[in-house]
Amino acid sequence: MKRNNIHNLSLSAMFLALTFLLPLLTGQIPQLGERFCPMHLPVFLCGYLCSGPWGLAVGFIAPLLRSVTVGVPAPFFPKAFSIAFELAAYGFISGSLYRLLPKKKSNLYLSLVVSMVLGRLVRGFVQLCCVGLDVTEYTFSAFWTVSVVNALPGIIIQLLLIPVLVTAAEKYKSKDR
């Protein structure tokens, strides 16, 4: 049990580091970061490979720590704050569903899609709460544009890469035993 916790802590630290490194590929251009969602990949992988609680922790810490240290995502409140809840939901839901559902490729996709939808809804709700539940400040159109339209390239990348990476990691892990 202790070895498993150390293993998960080490992997989670690596995934947290990747939330800092992968956005460098977008050249710190916020518009590219919003489109490719580079912080999402390590958070999802952490949830799948370490478990929901580890994914939640990495997902919540990453945008807040990045915002404070490198200034992106900015502004800290409400943007980084609401993204922290979104990524925490991704990490927790993906990891939890992956452990609850039978290990089939279709369930891997199901858990990914459910996580993506619920995480975006969480971000929208937190963002709405940050503006005082004023739907004229944060409209459905704004939510849809930020959460789906702008993020479509990142959503496609996640749907293509995450199942492949999780499957490969699981095969490697089973060989290691």
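**Aromatic rings and the charges over them**

Arg-66 lies over the face of Phe-20, 5.8 Å from the ring centre; a charge sits over a ring if NZ of Lys or CZ of Arg is within 6 Å of the ring centre and within 35 degrees of the ring normal. The model is predicted, so local features need pLDDT of at least 70 and side-chain atom pairs count only at pLDDT 80 or more, while totals for chains, interfaces and linings use all residues. Residues are numbered from 1 along each chain as its sequence is written, and side-chain values use heavy atoms, with hydrogens and water left out.

Across the whole structure, a search finds 7 aromatic pairs (rings of Phe, Tyr and Trp, the last by its six-membered ring, with centres within 6.5 Å; planes under 30 degrees apart are stacked, over 60 edge-to-face, the rest tilted). One of them joins Tyr-48 and Tyr-98: the ring centres are 5.2 Å apart and the planes stand at 90°, so the pair is edge-to-face. Because Tyr-48 belongs to helix H3 (residues 40-50) and Tyr-98 to helix H5 (residues 76-100), this pair ties together parts that are 50 residues apart in sequence; helices are DSSP runs (H or I, at least four residues) numbered from the N terminus. Both Tyr-48 and Tyr-98 are buried (under 20% relative accessible area; exposed is over 50% and partly exposed in between, with a 1.4 Å probe and protein chains only). Lys-103 lies over the face of Tyr-98, at 4.3 Å from the ring centre.

Phe-81 and Phe-85 also form an edge-to-face pair, since their centres are 5.2 Å apart and their planes at 70°. These two residues are 4 apart in helix H5, and therefore separated by about one helical turn. Phe-81 is partly exposed at 26% relative accessible area, and Phe-85 is partly exposed at 31%. Ring pairs link Phe-81 and Phe-85 with Phe-60 and Phe-77 into a cluster.
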